Amino acid sequence: MSEEINLSGCMAKVEHGRRHIVDLDNAMRAFFDDSSNCPPMVSTFDEDSGFHIFRVGSVPAQLHEIQVEASLRVGDVVHDLRSALDHLVWQLSLAGGRGIEPQNALSIQFPIANSAQVFESVRRRALRNVSTDYQDAIESFQPYHEGAGRPDSYSGPYIHQLTLLRQLSNVDKHRLLTTVFGLSSGATISIPPALLEPAEVTYMGFTFTTDLVPVETDNEFRLEEGAAFAKARLRGMRLPDGTQVGWSMPSLGLEENRPIAPTLGRIADYVQLILDSLG
């Protein structure tokens, strides 16, 4: 792989994407630092168990606005990272043709394949002007090799960085805005500790004592009005239903509750790894 290639544009795309990630993360932090943007936690009483159930109260309308804003910014990041890889293949194609632009320009792109068979069929079209050595290098980064030996961290069920990039890119480019969920990452409870009655909880085989007991949820901890996230027994008192007991601590996430900034950063790191390896 001795051809001279110019990856300055590719690198600029990745850096631009990283700036979008930082700006988005800062915007989300600033938004949720304002308590008026955080849904209240309200109490309902369960007669059978004697527990007060803490639920999400009314969800502020502006939460939807930040979700849309985050979705648009996620799309910007994904576009930068996907196009950085396509720009890479264009530069490799130029190098393979000794500076002459290839005729099949519209078919030139960085392939992302989930099997060796699919890659081989795409290779002949997307990489026809790229040298064999570079083609083999691109093949080594494909998702069907999984993440063995690569620097990586992830949240939620494992998915290869390029598979996730392809999914986000295809949806944002051709179908819909990227889905951004409002999640609950905890709550600030204003009930005096002296009123909370400890309860035993068994979790993953371990039994411990806590004041606030998590409840099972079927909505993946999404911020929806009425969703229950914790329960507690109170000493000698019963709160009227609807009493505010604190504030939810919201966050935003992608599918499978993946945190936005770390997930996008994970993809950016992998794209950077590819560029550094082929540059």
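pLDDT is the predictor's confidence in each residue, on a scale from 0 to 100. This is a predicted model. Its chain averages a pLDDT of 87, and 91% of the residues score at least 70.

**Overall form**

The chain holds six helices and nine strands. Its radius of gyration is 24 Å, well over the 19 Å that the globule rule gives for 279 residues, so the chain is more spread out than a compact globule. The C-alpha trace spans about 85 × 40 × 25 Å along its principal axes.

Of the 279 residues, 44% count as buried. The accessible surface of the chain is about 14600 Å². Carbon and sulfur atoms account for 51% of that surface. Consider contacts between residues at least 6 apart in sequence: 73% of them join residues at least 24 apart.

**Helix α1**

Helix α1 has 26 residues. From first C-alpha to last it reaches 37 Å, close to the 38 Å expected at 1.5 Å a residue.

Its buried residues are C10, V14, G17, H20, I21, L24, M28, F31 and F32. An α-helix has 3.6 residues a turn, so residues three or four places apart point the same way.

Note on methods: Residues are numbered from 1 along each chain as its sequence is written. This is a predicted model: local features need pLDDT of at least 70, side-chain atom pairs count only at pLDDT 80 or more; totals for chains, interfaces and linings use all residues. Side-chain values use heavy atoms; hydrogens and water are left out. Helices (H or I, at least four residues) and strands (E, at least two) are DSSP runs, numbered from the N terminus. The expected span of a helix is 1.5 Å times one less than its number of residues. Buried means under 20% relative accessible area, exposed over 50%, partly exposed in between (1.4 Å probe, protein chains only). The radius of gyration is taken over C-alpha atoms; the globule rule is 2.2 Å times the number of residues to the power 0.38. Contact means heavy atoms within 4.5 Å. Accessible areas come from the Shrake-Rupley method with a 1.4 Å probe; for residues, only the protein chains shown count as cover.
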